[in-house]
Amino acid sequence: MAEAPTSVTTAPASASASAAGTVAASTDWGVFYRRGVLLTDLLVLVWVVFGVQIAWLGFESVAVNDDDLKLGYTGISVCVILLWLGALALSDTRGARVVGVGSAEYRLVADSSARVFGLLAIAAFLLHVELARGYVLIAFPLGIVVLLLSRWMWRQWLVAKRRSGSFSARVLLVGSSQSVAHIAAQLQRLPEAGYRVIGIVAPSTSAVPEQDAGIAHYSSFDDVQRALDETDADTVVITSADELSPERVRQLSWSLEPGHRHLVVAPSLTDIGGPRIHTRPVQGLPLIHVETPTYEGRKLYAKRTFDVLGALGLVVVLSPVLFVLALAVKTSSRGPVFFRQERVGLKGTPFQMIKFRSMVVDAEQRLQELSTLDRAEGNTVLFKMRDDPRVTAIGRVMRRFSLDELPQLFNVVAGQMSLVGPRPPLSREVERYDPHVHRRFLVKPGMTGLWQVSGRSDLSWEDSVRLDLFYVENWSITGDLLLLWRTARAVTASKGAY
């Protein structure tokens with residue numbers, strides 16, 4: 001006779017009693033959020049389209065076609081707004097799976113807006129309607145910008161709610177103890193993604209961290225239905241299917257309440273960007289195709305063009321700032337204005353990286369002495385010290401806002417670095433790399449990157465490697481633009497910089 005399944009830890013009775021109201025609220029958050037975003041989308045489009053019409057044409061303006069048929073711009077504006085709202089809805093720009101994190105929401109908003117612009121141009125051509133160019137060329141770009149700003153504001157509110165535990169899917173993890181622990185850690189690291197782990201079903205819970213003691217634990221796969229009832233989870237995530245037969249997974253999917261409970265399968269793939277993943281059903285098998293990264297061809301030329309134009313533009317715009325910083329370095333302490341240091345770049349080739357000097361002249365000679373102090377706050381590879389005595393007064397200010405790195409723009413123009421990429425390492429650091437870490441040399445090092453916007457000097461070595469390798473495997477021009485935007489925010493906050 002089989003032993004009755006037991007749970008290692010279960011949710012308290014009081015929590016279970018109040019869970020129904022909580023899950024009801026959590027399952028309705030998507031409806032509330034979509035309605036709120038729909039309202040602001042409508043207000044944005046009314047303000048932009050009618051505002052441009054009034055400012056450019058006035059109230060009584062009309063458009064005329066070849067048959068002298070007069071069409072009022074007010075009616076045209078109403079049609080444009082309705083068409084725009086319809087395109088945003090058809091593209092699912094307010095869907096629960098795209099809001100909160102990532103660039104998918106913003107990309108869908110821009111793509112659907114471009115389609116509206118194209119449809120309007122086609123309609124005007126077929127109907128022989130002469131639309132005012134200013135009306136079209138101002139309304140659409142302005143509308144896209146204001147829509148994206150509105151969505152960004154909504155995202156900040158949603159992220160704040162999710163970090164407090166609201167507006168998130170209530171997740172039950174099912175799988176091996178090791179895979180459950182890994183997925184739980186990743187989801188808890190990014191609460192703004194909207195997945196709140198409330199229960200775990202695993203044969204052994206020994207791998208689950210002690211800080212997860214508040215999560216309900218179940219020790220048998222036979223407990224899945226009971227776990228769903230007791231925790232009121234609305235999402236089941238299968239973290240590994242080795243212990244679950246295809247028949248059992250299928251029966252689990254059938255047992256979920258349609259429309260209210262969802263099934264997610266997490267494959268054994270980590271640090272893979274969305275654009276590289278394609279799903280193709282074959283004979284009922286959801287085959288996941290993962291594109292291998294490429295480091296040549298038109299993408300590489302596009303990145304180089306983007307780097308050169310961006311770096312030259314920044315040099316021109318920031319030239320007064322560069323002059324003031326150079327003068328401040330020269331007058332505040334003895335020594336050269338610039339600090340040159342050998343770093344390792346593309347394909348392991350060394351190059352001279354340029355920075356504004358932020359330390360005393362003999363900083364390199366004093367490094368060995370400081371690296372033995374207990375105050376060193378680095379890790380097994382990198383040396384980092386929060387209160388480094390070698391840093392000058394002006395250097396401390398520049399480092400806080402990463403101003404000392406601005407001369408690296410000239411490294412970018414010279415082709416030694418990129419605006420966005422992995423951190424440029426020292427030769428002594430490379431000597432201690434594990435073999436897989438050398439993949440970071442497949443692309444040029446960057447002035448900024450995921451390491452810059454994810455904690456900077458506060459990152460552990462393992463996190464630094466993980467972020468750099470993720471970038472190497474998944475880089476894109478769109479991703480570079482987003483990282484540059486996030487860098488500006490991170491530098492302003494100056495968190496983790498020393």
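Guide: A helix crossing is right-handed if the near helix is turned clockwise from the far one by less than a right angle, and left-handed if anticlockwise. In this predicted model, the crossing of H2 and H3 is right-handed.

Visitor: Which residues make the contact of H2 and H3?

Guide: H2 brings Val 80, Leu 83, Trp 84, Ala 87 and Leu 88. H3 brings Val 109, Ser 112, Ser 113, Val 116, Leu 119 and Leu 120.

Visitor: Why is H3 called roughly antiparallel to H4?

Guide: The axes of H3 (residues 104-126) and H4 (residues 133-163) cross at roughly 160°. The cut-off is over 145 degrees, so H3 and H4 are roughly antiparallel. Their axes come within 10 Å. The crossing of H3 and H4 is right-handed.

Visitor: What residues make the contact of H3 and H4, and how do they divide by class?

Guide: From H3 come Glu 105, Tyr 106, Val 109, Ser 113, Val 116, Phe 117 and Leu 120. From H4 come Val 136, Phe 140, Ile 144, Leu 147, Leu 148, Arg 151, Trp 152 and Arg 155. The contact of H3 with H4 has 11 nonpolar, 1 polar and 3 charged residues. Glu and Arg count as charged, so Glu 105, Arg 151 and Arg 155 belong to that class.

Visitor: Why is Asp 480 called buried?

Guide: Its relative accessibility is 0%. Buried means under 20%, so Asp 480 qualifies. Asp 480 sits in helix H15 (residues 477-493). Beyond four places in sequence, Asp 480 contacts Lys 303, Phe 306, Val 420 and Tyr 471.

Visitor: What makes Ser 476 partly exposed?

Guide: Ser 476 has 27% relative accessibility. That value lies between the 20% and 50% limits, so Ser 476 counts as partly exposed. Ser 476 is in the loop between helix H14 (461-474) and H15. Its C-alpha is 7.9 Å from that of Lys 299, a residue 177 positions away in sequence.

Visitor: How do you know that Val 412 is buried?

Guide: Val 412 also comes out at 0% relative accessibility. The limit is under 20%, so Val 412 is buried. Val 412 lies in helix H11. Leaving out residues up to four places away, Val 412 touches Arg 304, Asp 307, Ala 311, Met 417, Ser 418, Leu 419 and Met 447. The C-alpha atoms of Val 412 and Val 308 are 6.8 Å apart, across 104 residues of chain.

Visitor: Is Asp 232 buried or exposed?

Guide: Asp 232 has a relative accessible area of 16%. That is under 20%, so Asp 232 is buried. Asp 232 lies in the loop between helix H6 (224-231) and strand S6 (235-238). Its phi is near 55°, a positive value in a residue other than glycine.

Visitor: And what makes Lys 347 exposed?

Guide: The relative accessible area of Lys 347 is 73%. Exposed means over 50%, so the label holds. Lys 347 is in the loop between strand S10 (338-344) and strand S11 (350-356). Lys 347 is not a glycine, yet its phi is positive, at about 60°.

Visitor: Where is confidence lowest and where highest?

Guide: Helix H9 (residues 367-371) has the lowest mean, 59. Helix H11 (residues 408-413) has the highest, 95. Over residues 1-27, pLDDT is below 50, and the model has 39 contacts there beyond near neighbours in sequence. Residues 374-378 also stay under 50, with 15 contacts beyond four places in sequence. Where pLDDT is low, the predicted coordinates should not be read in detail.

Visitor: What is the mean pLDDT of the protein chain?

Guide: The mean is 80, and 79% of residues reach 70 or more.

Methods. Residues numbered from 1 in each chain as written. Predicted model: local features only at pLDDT ≥ 70, side-chain atom pairs only at ≥ 80, totals over all residues. Heavy atoms only, no water. pLDDT = per-residue confidence, 0-100. Helix = DSSP H or I, 4+ residues; strand = E, 2+ residues; numbered from the N terminus. Contact = heavy atoms within 4.5 Å. Axes fitted to C-alpha atoms, helices over the stretch in contact; angles between N-to-C directions. Parallel < 35°, antiparallel > 145°, perpendicular 65-115°, else oblique. Buried < 20%, exposed > 50% of the residue type's maximum accessible area, 1.4 Å probe, protein only.
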